[in-house]
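Opening the notebook on this one. I'll jot down what I look up as I go, starting with a loop residue.

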Amino acid sequence: MSFKSKLSQLNLEIDTHSSLSKNRSIVDGYSEIANRLNRVANTLTEEVNKKHLVEQLARHGGMPIDPEAEAFAGVDKLFELLGNYQALWEELKEKSLQEENNCLYQLENGVKQKAKELSEFHEQSWQEWVILKRKDFTVPDLILENQRNVYKNESLYKTYKLTLESFNQEYDGFSFKLDQYNRINNLVEKLIELHGQMNTDNLPESVQKFFNSVNNYKFSRPTLDLLTEEVFIWLKENNMLSKFMVTPNV
């Protein structure tokens with residue numbers, strides 16, 4: 001093969017490599033654009049799904065979403081940025097990634113900031129709903145203990161405790177999934193039902209003191225000086241006199 005032929009062959013190989021490199025660069029550019037747009041779409045999709053769930057809260061005692069809330073302001077700007085990038089893409093394709101034409105960067109930043117605001121809004125809406133529901137089913141510890149110790153309703157006491165434990169576990173792991181919310185809402189409804197079955201009387205201090213002593217009889221023997229007139233009347237009105245016996249302290 002002559003020198004000229006070898007040179008021609010080398011030039012052909014160089015041209016081929018250059019063409020392949022150029023094509024690879026285009027593919028890489030397309031891939032980067034697709035990945036970045038997918039991240040934008042996934043970020044917005046996550047917040048849209050949260051919004052759908054938060055909308056359900058109003059059906060179960062929560063506050064309706066305020067369309068004028070600050071978190072929803074400026075969404076039109078995102079559409080404008082997306083339109084700008086679409087026009088740039090149609091004109092420049094993979095070259096739209098160049099810094100001087102980087103509408104994609106602006107779109108990403110705009111979506112990131114708006115997603116943060118929406119996420120905070122959705123989290124606040126969720127926490128406000130939980131606070132409202134806790135008011136409906138929370139039982140003070142003393143009242144709860146009285147279900148078992150005073151009113152001898154061990155089943156109600158245990159069922160409430162187990163249901164509340166399940167609620168707390170689901171609440172701690174909540175990540176705005178619809179199946180999680182449905183489980184939590186079912187537990188809330190069960191807790192409210194159990195709350196309604198409880199005797200929520202605030203016992204007079206002397207009566208509470210009497211029961212505290214009686215229920216801790218293994219450590220301290222209750223004496224008749226705890227059976228004051230107020231305690232006696234309360235026991236009589238609640239048909240509980242026959243539940244206690246008097247034995248000599250010997």
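**Leucine 203.** I looked up leucine 203 and got a relative accessibility of 13%, so I put it down as buried, the cut-off being under 20%. This is a predicted model, which I keep in mind throughout. Leucine 203 sits in the loop between α6 and α7. What does leucine 203 touch, leaving aside its neighbours within four places in sequence? My list reads Asn146, Val150, Tyr151, Gln208, Phe211 and Trp234. I also checked leucine 203 against isoleucine 143: the two are 60 residues apart along the chain, and their C-alpha atoms are separated by 8.7 Å.

**Overall make-up.** I stepped back to the whole protein and found eight helices and zero strands. Read from the N terminus, the order is α-α-α-α-α-α-α-α. Of its 250 residues, 29% count as buried. The protein exposes about 17000 Å², and carbon and sulfur atoms supply 52% of that. For contacts with a separation of 6 or more, I noted that 71% are between residues 24 or more positions apart.

**Glutamate 32.** I picked a pair to go with that contact figure. Glutamate 32 is in helix α1, which covers residues 3-57.

**Confidence.** The mean pLDDT of the protein is 86, and 89% of the residues score at least 70. Which element has the lowest mean pLDDT? That is helix α7 (residues 205-215), at 79, while α5 has the highest, at 97.

**Helix α6.** I ran a length check on α6, residues 178-197. With 20 residues at 1.5 Å a residue, the helix should span 28 Å; I get 29 Å between its end C-alpha atoms, so the two agree. Then I listed which of its residues are buried: Gln180, Tyr181, Ile184, Asn185, Leu187, Val188, Leu191 and Leu194. I looked at the spacing with the helix repeat in mind. An α-helix has 3.6 residues a turn, so residues three or four places apart point the same way.

**Two positive phi values.** Phenylalanine 176 is not a glycine, yet has a positive phi of about 60 degrees. I find phenylalanine 176 in the loop between α5 (154-172) and α6. Its relative accessibility is 10%, so phenylalanine 176 counts as buried. Asparagine 239, also not a glycine, has a positive phi of about 55 degrees. Where does asparagine 239 lie? I place it in the segment after α8 (229-237). With a relative accessible area of 64%, asparagine 239 is exposed.

**A nonpolar patch.** I noted a nonpolar patch of about 520 Å², made by Leu224, Leu227, Phe232, Ile233, Leu241 and Val246. I followed up one of these residues, Leu241. Leucine 241 is in the segment after α8. At 33% relative accessibility, leucine 241 counts as partly exposed.

Note on methods:
Residues are numbered from 1 along each chain as its sequence is written. This is a predicted model: local features need pLDDT of at least 70, side-chain atom pairs count only at pLDDT 80 or more; totals for chains, interfaces and linings use all residues. Side-chain values use heavy atoms; hydrogens and water are left out. Helices (H or I, at least four residues) and strands (E, at least two) are DSSP runs, numbered from the N terminus. The expected span of a helix is 1.5 Å times one less than its number of residues. Buried means under 20% relative accessible area, exposed over 50%, partly exposed in between (1.4 Å probe, protein chains only). pLDDT is the predictor's confidence in each residue, from 0 to 100. Patches are made of residues with over 30% relative accessible area and no salt bridge: like charges are joined within 9 Å, nonpolar side chains (Val, Leu, Ile, Met, Phe, Trp, Tyr) within 5 Å. Accessible areas come from the Shrake-Rupley method with a 1.4 Å probe; for residues, only the protein chains shown count as cover. A salt bridge is a side-chain nitrogen of Lys or Arg within 4 Å of a carboxyl oxygen of Asp or Glu. Contact means heavy atoms within 4.5 Å.
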